[in-house]
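Reader: Hi! Could you walk me through this one in plain words?
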Amino acid sequence: MAGQITFEPDDRYNAFLATCKTATHGSGKLAGVAVAVKDNISTQGIETTCASKILKGYIPPYDAHAVGLLRASGAAIVGKTNMDEFGMGTTTENSAFGPTLNPCDTGRVPGGSSGGSAAAVAAGMARMALGTDTGGSIRCPAAFCGIVGLKPSYGRVSRYGLIAYSNSLEQIGPMAKTVKDVSDLMGVIAGYDRHDSTSRDKPYAHTPSADVKGLRIGIPQEYFGAGVDAGVASVVKSAIGKLEELGATTVPCSIPSMEYALAAYYVTCTCEASSNLARFDGVRYGPAADTKKSWHDAYQEVRRDGFGPEVRRRIMLGTFALSSGYYGKYYAKAQIARENVRNDFNRIFADVDVIAGPTMPTIAFKLKEKSDPLSMYLADILTVPANLAGIPAISVPCGKSEGMPVGLQIMGRTFEDERVIDVAYAYEQAVN
Amino acid sequence: MADADGQVIVGLEVHCQLDTKSKLFCGCSTDYRSDGANTHVCPICLGLPGAMPALNKKAIQYAMRVAKALNCEILDESEFSRKNYFYPDLDKAYQITQYDKPLAEGGYLEIESDEGGEKRVRITRVHVEEDPGRLVHMGNVERGKYSLVDYNRAGIPLIEIVSEPDMRSPKEARKFLNKLRATLEYLSVFDSEKEGSLRVDANISITGSERVEVKNITSYKGVEKALTFEVTRQKNLIRRGQKIERETRHFLEARGVTQAGRSKETENDYRYFPEPDLRPLRVKSWVEDIVLPELPDARRERFIKEYACSLNHARTLTGELKLANFFEQVVAADRQGLSSLASTWIADTLIGELNYRDMGIDRIDAAGFTGLVRILKEGTITDKSGIEILRVMLDQRQKGEPIETAAGIVKRLNLAKTSGDAGAITTAIEEAINENPKALEDYRNGKAGALNFLVGQVMKKTRGKADPGELNRLLLEALKAREA
């Protein structure tokens, strides 16, 4: 132990589910830096609930790999941040412990599902945070709260200890106010982990460079089409114009597979979730089952009472889609649609270096604005393609619309996380 | 059409625990049997939130050895899937197994058929999966107050071997299992003596009727017992004109019966899908590293060639790895001289005596047994004395007493043949004939049993020590002398 910091934030946004009043830390690259950790990432000795009643009281006996790396780098883990229950949502309103409010406008949501991490950073309570991104859960709140968030290439950061929602889509990623901090945090958490068979030996040791001369940027028409708010589109277009001023060139392109991307995404994530969340049965952790009942009845009761409505909805959707006779119709088809998205990106990346567009089609929603699930799902349309393809994508603040932050999203080739960092850094340096 | 005399058709699904040091997806030790509940567990095999499986390469290499020994095609790319169902012993509520892309497909295993020749039982597939935990019921499973869960077993690597319905009787099924066990043991990937290391599901039907699955068979004998029960049950139903339901039944080992399982309505839909936390399993480069040891069939042929064993003796001796090793240890010093006696005495006598005492061959000292075989070879004791000596040695072993040498027992019990001591035998013969005039008369009248009777009487008088050949010769001489 090199030292300790006192952490007593004025958490008026309900960003934290747990805080560590005195957070000890070691020495290293991030010595003494306050880092907040999303509540679906296991932290030894600190309650980890995924913002769900069903995990209330669960204290992991082990650290997620990324958390272990954080501790080894000297970071002080100051608390666990609020989120949509198990990561299922785009607003952080689906938390069993109340919504997080957007520090830029407390009448609005911070985005989700890593809303607590984004709010904690945006409000200055923590300098850095870990989020997780399954279909936009880092980039959306980063955009809505006006901070930087990176979804790394799939396999670049170990998922060991991340409480799985949709294994084949999600990644742990860094969130901070500046691209440099995001890059530094990425440097700590990236790399191979033998405990995660899907992780790859691609460590990240990069210092951001602001040079974008000669860079070719693909601009997919779908990212400026129907459903994308005109105010948001125009802010993002002028941000891309800034990159052109810095020497980049833009190339119009198209991702036709996006027509099925959202459906493929929701089939995949609900199927995987229905299996991942089956273990929460009250036998080993969480509120115990009523043992006077038969185990089957007890399971039903625990799960009915323990999961929120959106989680129950997704479990049921996924259970249905995987049922005998439906697998080929849904899961198998979704994987084909996924392959098509990958192919589209590969085709485009043969010609351009990065793809740019808005992170979210709108600015942050008002609280309770997205009351029907389908309209909320539609808000993920610009972020899910990167998860389906496993490519890196970053959201960097690029101005305001209606007084609320707007995020510029930059996507790159698989394992070219350094390049999307550089482009974001070039933009950030040019405007600040 | 249903026919009570129809052909019995049997297919087996065999689950064996692979004898690796650590579990399939984590580093926990597999040596859990003598330790307390939930002592061999970690976040991974407990299925704690966030834990992920990391494949044990050794388990896959073991399974590949099995696949090759069973003449299967090992697929270049196989895949793990999740089998989803709720049960308290299943910590993740899914089992990581292999579904539509198994490790290997399409092999065969040769067994001795009911008709006596060799026959091939086709192997459909071989795949790898994890064992679930274990429920410990407090009292009766239905009426007990509660059950506890022990996850020590969770994550132990299992291999599932599925056969085609190629067996034609419960006996053939037993032979298949015995052969499979021998093969796995020869491969050093399986320890059949570990409790719970084998579980069998059997499919059985009679031509023209539906097939019935019998689950939960946990012993080699149990397979034959369960299937024999089913054959009788199904044939009786057919005789009474009733239909055989397609169903799953459970074998109750203690009672030797099968019992209908749960009804169709609650049957599981396992919702299989590829395990997203594991990459596809590409083993092509490992295939050439597989080196198979001598397998039971090859060893059997070698025993016949090298030791002049009979086919039956060779089959018995090579049917268990330890038995085959024991035989070769016994004859090591004098291959030509001892092999014939050793194979007979091990296969025909020792095995029976061991079974009677429920002892394993590994409790027998090969050197001590060799001593007995040597004395038998020298011809200084009779076979009957040989058995007596063996029993004394086994009893001493079982009671944990110091074990005497065969020579020592011969001396102590004065078992040396009265061979050469023709006088003693002649006296005994004279006595026997004189005491049994009826037998003498019967002999003279040509009754076949009379001679044997007299032999028995003389044996009794010499306490079994008379050399049978010598006795026969002297007795015939004595009888002839009286006729004259």
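Reader: What covers the buried residues of α8(A)?
Author: The cover includes α6 (258-276) and α9 (331-349) of chain A, together with β15 of chain B. Helices (H or I, at least four residues) and strands (E, at least two) are DSSP runs, numbered from the N terminus. This is a predicted model, where local features need pLDDT of at least 70, side-chain atom pairs count only at pLDDT 80 or more, and totals for chains, interfaces and linings use all residues. Residues are numbered from 1 along each chain as its sequence is written, and chains are lettered from A and ligands numbered from 1 in the order in which they are written.

Reader: Thanks! Which residues of α8(A) are buried?
Author: They are A:Val311, A:Arg314, A:Ile315, A:Gly318, A:Ala321 and A:Leu322. Seen down the axis of α8(A), these fall within an arc of 135°, so they line one face of the helix. Buried means 20 or more other C-beta atoms within 10 Å of a residue's own, exposed means 12 or fewer, and partly exposed is in between, with C-beta atoms placed from the backbone. The arc is that of the directions from the helix axis to the C-beta atoms.

Reader: OK, new topic. Which sheet is β15 of chain B in?
Author: β15 belongs to an open sheet of three strands in chain B, with the order β5-β4-β15 and antiparallel pairing. β5 (94-97) and β15 (273-274) stand at the edges with a single partner strand each, so one side of each has no neighbour in the sheet. Two strands pair if DSSP finds at least two bridges between them.

Reader: How many bridges join β4 and β5(B)?
Author: Four, in the antiparallel sense, with β4 covering residues 81-84 of chain B. In β5(B), B:Tyr94 is the bridge partner of B:Asn84.

Reader: Last one: how many helices and strands does chain A have?
Author: Chain A has 12 helices and 13 strands. Buried residues make up 61% of its 432 residues.

Definitions and conventions:
Contact = placed C-beta atoms within 7 Å.
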